[in-house]
Amino acid sequence: METEDTTVLVVDDQAMIRAGLVALLSNEPGLRVLAEAADGDAALAAVRRRRPDVVLMDVRMPGKDGISAAADIIAETDGTTAVIMLTVHDLDEYVYAALRAGASGFLLKDATPEDLVKAVRTVAAGEALLAPRVTKRLLQRFAALGVRDARSELGVLTERELDVLLEVARGGSNAEIARNLGLAELTVKSHLYHVMQKLHLSSRTQLVITAYETGLVCPGQDNNNLRRASA
């Protein structure tokens with residue numbers, strides 16, 4: 001039985017970069033570029049027409065920027081379209097804003113073609129990704145921030161849902177979470193769906209941010225103790 005191709009929308013205000021990305025992705029088996037756009041407004045319009053699985057989006061563009069467009073796309077599709085932010089600007093404010101908007105990943109433009117293709121396949125499978133050096137700085141930022149009261153915010157979750165959220169925040173894939181918790185992968189997906197619904201979130205990266213901002217996970221601390229304290 002043949003599987004359907006992963007469909008992609010490429011968004012960048014520079015025609016040459018768009019053409020290169022389209023050519024690269026179009027040559028990959030299992031990937032199909034549906035359309036391209038030069039700004040955030042055109043991207044949102046294309047998503048409404050074509051409903052791609054993944055949007056590869058530049059951060060800085062004229063008119064509606066990539067982060068605003070990402071937030072609109074995720075709201076429009078209820079999180080069913082994943083967004084990868086692609087930029088040369090390795091700046092914390094972009095990373096944090098993109099992830100808060102619900103982007104599934106943040107990739108720098110110096111990434112290899114192999115990394116780019118892997119990123120598209122990863123987010124299409126429902127996982128999240130960040131460039132390693134971006135992840136390190138993001139965790140350092142969380143370590144420096146105060147945390148919100150986890151008791152009231154995470155109190156709506158069951159014990160098992162907290163376990164799954166903790167595993168997601170640690171970077172586990174659905175398969176790894178299933179193995180670590182002794183669950184079926186479909187059960188993990190079900191738990192993730194309910195966690196997102198209860199916390200009013202639409203992406204895996206927003207789950208990770210919530211886990212850190214509420215203190216469920218803290219860099220360098222005993223996260224199991226933190227989970228028990230939030231229950």
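Helix α10 contributes the most to the lining of the largest pocket, with five residues; helices here are DSSP runs of H or I with at least four residues, strands are runs of E with at least two, and both are numbered from the N terminus. The model is a predicted one, in which local features need pLDDT of at least 70, side-chain atom pairs count only at pLDDT 80 or more, and totals for chains, interfaces and linings use all residues. Residues are numbered from 1 along each chain as its sequence is written, and side-chain values rest on heavy atoms, with hydrogens and water left out.

The largest pocket holds about 620 Å³ of space. Of its 24 lining residues, Gly 79, Thr 80, Gly 126, Met 196 and Ser 202 are the closest to the centre. The elements that give two or more residues to this lining are α5 (113-124) and α10 (185-199). By class, the lining has eight nonpolar, 11 polar and five charged residues. In this classification, Ala, Val, Leu, Ile, Met, Phe, Trp, Tyr, Cys and Pro are nonpolar, Asp, Glu, Lys and Arg are charged, and the others, Gly among them, are polar. A pocket is an open set of points, on a 1 Å grid over the protein atoms alone, where a 1.4 Å probe fits, with protein on both sides within 12 Å along at least five of seven lines; lining residues have an atom within 4 Å of a point. The volume is the space filled by probe spheres set on the points, which are joined across faces, edges and corners.

The protein as a whole contains 12 helices and six strands. Of its 231 residues, 48% count as buried, where buried means under 20% relative accessible area, exposed over 50%, and partly exposed in between (1.4 Å probe, protein chains only). The accessible surface comes to about 11100 Å², and 50% of this belongs to carbon and sulfur atoms; the areas come from the Shrake-Rupley method with a 1.4 Å probe. Among contacts between residues at least 6 apart in sequence, 66% join residues at least 24 apart, a contact being heavy atoms within 4.5 Å.

The unreviewed UniProt entry annotates Asp 58 as "modified residue: 4-aspartylphosphate"; such annotations may be inferred rather than shown by experiment. Asp 58 lies in strand β3 (residues 54-58). Beyond its neighbours within four places in sequence, Asp 58 is in contact with Val 11, Asp 12, Asp 13, Gly 66, Met 85, Leu 86, Thr 87 and Lys 109.

The accessibility of selected residues is set out below.

| Residue | Relative accessible area | Class |
|---|---|---|
| Asp 58 | 5% | buried |
| Thr 87 | 0% | buried |
| Leu 162 | 2% | buried |
| Arg 51 | 39% | partly exposed |
| His 200 | 71% | exposed |

Arg 51 is found in the loop between α2 (40-50) and β3. Its phi is near 50°, a positive value in a residue other than glycine. Most residues other than glycine have a negative phi. Not counting residues up to four places away in sequence, Arg 51 touches Thr 7, Ala 46, Glu 76 and Thr 77. Arg 51 and Thr 77 are 26 residues apart in sequence, and their C-alpha atoms are 7.8 Å apart in space.

His 200, in the loop between α10 and α11 (204-213), also has a positive phi, of about 60°, although it is not a glycine.

Leu 162 is placed in helix α8 (residues 159-169). The C-alpha atoms of Leu 162 and Ala 211 are separated by 9.5 Å, with the two residues 49 apart along the chain.
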